Amino acid sequence: MKRIATIDTVRGLVMVIMALDHVRDFIHLPAVAQNPLDLSTTTVPVFLTRLITHLCAPTFVFLAGTSVYLSLNAGETQEERLLEKSRFLRKRGLVLILLEVTLINLAIWSDIQYRTLMLQVIFAIGAGLILLSWLHRFQVRYLAVIALAIIVLHDLLRLVPPFANEPARLVWALLFRQDFFAISPDFGLLLAYPVVPWFGIMLLGYCCGPLLSQPQAGRKALFLRIGLGTVGLFLLLRLLNRYGDARPWAVQNDQVFTLLSFLNVSKNPPSLIFTAFMLGLMFVLLSFFDGRKSWLAQRLEVYGKVPLFYYLIHWYLAKGAMIGMFLMQGYSFRDMPLGTLNLGRPEGAGVSLPMTYAVWLMLVVAMYPLCVWYGRYKAERPEVTWTRYV
């Protein structure tokens, strides 16, 4: 399959932004105690730092769906070839889930006892690939109806009362709602990315795959119209303040915080308003970068060509930055608090927000030669099977 540079560039951009959120979690001094979106405790810079990273997960998930469409419809379309591609999607989905529960969780929690297991975006994408391996046989227009129905209607599920039965609550959280389960004093399960609403975004990305086959000039204008129209839908629904998000906005003590309240939309599960806002911005970015060969676009494309490799490595670099930080501040490895929902950062360790940005930039720069190397390795060794999964 011939890669489409625009997809890689926009994916690379959100991956760079994503690293900021994870570095902030690990090293920003108030990050553990302060919810960056809590208007009663946050500051404008911290809020905006978190808000911009909202763009990452929906873009990543949407473009994963788009890439599946392009892969399935590239080259031969005989039944045997489609069956092979379907099997590969299922295997890759299982690999992603395995990586989530092993290497990714180990990087996040630094706990070889795995006292916390968090299922987040890679798990959701893995589950989505498995579902798409069966659903791709249906016509795109029918799948688009399903995708839009999930995105538009799943906010109604907030009306469902909490389940008293633990197995039912677990299944409901896995499918529809973020939840934490204290399985025992030494083990907790955090279902951070419910499968169904995120699959709705992935399925919509799959259904938008045919747009990428249009001539560049036409699709560039189309992306801009879709993006502006979707952002307009976000503004309309948010102004109405009736449906589409779990957090109604309200007038605050000053105009700036009123604006922050307006922008403070629900990511997990991704509300209709959140999805319209973020996917609208994504389409604007697709239009902006389509056909663009600037210095920045070419660098971002390097990251976007190896998304899973970047994702895995950046967690370990971010955790290394946290460890280096607290060692330089006089703490030792014995001071690392390990256990359920604990990132391992000693109490009192941390740096300011400007220093957090500096560390983030250093991490992104350090990742560049690694991504260049791995991109070349994959391209020069197509016979190496495992590179198809990472």
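This is a short tour of a predicted model, taken one selection after another.

**Stop 1: helix α12.** Select residues 295–305, which make up helix α12. Buried residues here include Ala297, Leu300, Val302 and Tyr303.

An α-helix has 3.6 residues a turn, so residues three or four places apart point the same way. Glu301 is buried, at 16% relative accessible area, whereas Lys305 is partly exposed at 38%. A further set to select is Asp21, Arg24, Asp25 and Arg50, which are joined into one network by salt bridges that share partners.

**Stop 2: His22.** Move to helix α1, where His22 is placed. Its relative accessibility is 10%, so His22 counts as buried. Leaving aside residues up to four places away in sequence, His22 touches Tyr311, His314 and Trp315.

**Stop 3: other salt bridges.** The whole structure holds 13 salt bridges. Select Asp8 and Arg3: they form one of these, with the closest N and O atoms 2.8 Å apart. Asp8 is buried at 1% relative accessible area, while Arg3 is partly exposed at 40%. Next take Asp155 and Arg158, whose closest N and O atoms are 3.9 Å apart in their salt bridge. Asp155 counts as buried at 5% relative accessibility, and Arg158 as partly exposed at 41%.

**Stop 4: a nonpolar patch.** Select Leu148, Val152, Leu153, Leu156 and Leu159. Together they make a nonpolar surface patch of about 470 Å². Leu153 belongs to helix α6, residues 140–153, and is partly exposed, with 47% relative accessible area.

**Stop 5: cysteines.** How many disulfides does a search of the whole structure find? It finds zero. A disulfide is a covalent bond between the sulfur atoms of two cysteines. Select Cys208 and Cys207: the closest cysteine sulfur to that of Cys208 is in Cys207, 7.0 Å away, which is too far for a bond. Cys208 is buried, at 15% relative accessibility. Finish with Cys371, which is buried at 1%. The closest cysteine sulfur to that of Cys371 lies in Cys56, at 15 Å, so that pair is also too far apart for a bond.

Key. Residues are numbered from 1 along each chain as its sequence is written. This is a predicted model: local features need pLDDT of at least 70, side-chain atom pairs count only at pLDDT 80 or more; totals for chains, interfaces and linings use all residues. Side-chain values use heavy atoms; hydrogens and water are left out. Buried means under 20% relative accessible area, exposed over 50%, partly exposed in between (1.4 Å probe, protein chains only). Helices (H or I, at least four residues) and strands (E, at least two) are DSSP runs, numbered from the N terminus. Contact means heavy atoms within 4.5 Å. Patches are made of residues with over 30% relative accessible area and no salt bridge: like charges are joined within 9 Å, nonpolar side chains (Val, Leu, Ile, Met, Phe, Trp, Tyr) within 5 Å. Accessible areas come from the Shrake-Rupley method with a 1.4 Å probe; for residues, only the protein chains shown count as cover. A salt bridge is a side-chain nitrogen of Lys or Arg within 4 Å of a carboxyl oxygen of Asp or Glu. A disulfide is a pair of cysteine sulfur atoms within 2.5 Å.
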